[in-house]
Amino acid sequence: MGKTKNTSLDTVVTDFILLGMSNPPNLRSLLFLVFSIIYILTQLGNLLILLTVWADPKLHARPMYILLGVLSFLDMWLSSVIVPRIILNFTPASKAIPFGGCVAQLYFFHFLGSTQCFLYTLMAYDRYLAICQPLRYPVLMNGRLCTVLVAGAWVAGSIHGSIQATLTFRLPYCGPNQVHYFICDIPAVLRLACADTTVNELVTFVDIGVVAASCFMLILLSYANIVHAILKIRTADGRRRAFSTCGSHLTVVTVYYIPCIFIYLRAGSKSPLDGAVAVFYTVVTPFLNPLIYTLRNQEVKSALKRMTAG
């Protein structure tokens, strides 16, 4: 159990116990190995993309690959906030996390996660301009504007993380301190609050669920226009290249947004499926990004060959 301290008014929780995902004891060693390998490959894969974009002049001057480099950087940090805690759950080590550590984890999880959400929307907008407005693309989306938009996504993500962390931990926590989840996230932590959480659940629904759903709809709208434009391309090779580039992005976006919307539009849910669903956008998506963007992107593969040859 976690430590608590007594005050003249009530009992104040000073740390939380992250119980993690339920799993059979005989599978813990295997799960420890699987998640450790996923974490290492996630870091190495995204670092490779980041270095490739940075080192290749043909890539780091183009908005599409600036966004891809930023996505890889985000994936590395988001994975580092989440996966080590999941791995710890499969060991005999203490599952306790200090109150301040829980606040920091929730803040960085939502800061990085929402920034990634906005970044996916920017990537879809970039592809829409490149395919639907090819002649005006250099004017509508240049390196400077791309940098400004990325900075705006980071600022918006930081504000979002601050709002969620402040609203969650302004509530009193004076009773149970066992979090039935693998990280300090809003729905799981709110269940332990010694106060009414209706306002928090409403803000979570609007600020996360609705915003994520809106971004997802904007992305789908962008790709509906992209598909319409691709079908007008006369050459089969041109259509194949366009579908290949956009298909990889749409695959990642679907794996990321659907689980996210599923969880945060149901902020009051206590379903045991939530933890398993959350693994998709917290663990699987950062792991898949390097694979999808390298295996399905000819320019990145060519840049990798040039870098290794050089």
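**Disulfides and helices in a predicted model**

Cys174 and Cys194 form a disulfide, with 2.3 Å between their sulfur atoms. Keep in mind that this is a predicted model. The link is left-handed, at -140 degrees about the S-S bond. It connects distant parts of the chain, 20 residues apart. Cys174 sits in the loop between helix H6 (143–169) and E5. Cys194 sits in the loop between H7 and helix H8 (198–230). Buried or partly exposed, then, for Cys174? Cys174 is partly exposed, at 25% relative accessibility. Cys194 is partly exposed too, at 34%.

The structure holds two disulfides. The other pair is Cys102 and Cys184, sulfur atoms 2.0 Å apart. The torsion about that S-S bond is about -120 degrees, so this disulfide is left-handed. Where do these two cysteines sit? Cys102 is in helix H4 (residues 99–132). Cys184 is in the loop between strand E5 (178–179) and helix H7 (186–190). Cys102 is buried, at 0% relative accessible area. Cys184 is buried as well, at 0%. Count the bonded cysteines along the chain, and the pattern is 1-3, 2-4.

Now Cys117. The cut-off for a disulfide is 2.5 Å between sulfur atoms. Cys117 is buried, with a relative accessible area of 7%. Cys132 is partly exposed, at 23%.

On to the helices. The protein has eleven helices and five strands. The unreviewed UniProt entry annotates transmembrane regions, among them 65–87, 107–125 and 208–231. In the model, residues 107–125 are 100% helix, with end C-alpha atoms 27 Å apart. Residues 208–231 are 96% helix, and their ends lie 34 Å apart.

Take H3, residues 63–88. Its 26 residues reach 38 Å from first C-alpha to last, close to the 38 Å expected. Where does H3 kink? At Ser80, by about 35 degrees, shortly before Pro84. H3 is mostly covered, with 20 of its 26 residues buried.

Last, the whole protein. Of its 310 residues, 47% count as buried. Among contacts between residues at least 6 apart in sequence, 78% join residues at least 24 apart.

Note on methods. Residues are numbered from 1 along each chain as its sequence is written. This is a predicted model: local features need pLDDT of at least 70, side-chain atom pairs count only at pLDDT 80 or more; totals for chains, interfaces and linings use all residues. Side-chain values use heavy atoms; hydrogens and water are left out. UniProt positions are given in the numbering used here, feature names are shortened, and annotations may be inferred rather than shown by experiment. Helices (H or I, at least four residues) and strands (E, at least two) are DSSP runs, numbered from the N terminus. The expected span of a helix is 1.5 Å times one less than its number of residues. The bend at a residue is the angle between axes fitted to the seven residues ending there and the seven starting there. Buried means under 20% relative accessible area, exposed over 50%, partly exposed in between (1.4 Å probe, protein chains only). Contact means heavy atoms within 4.5 Å.
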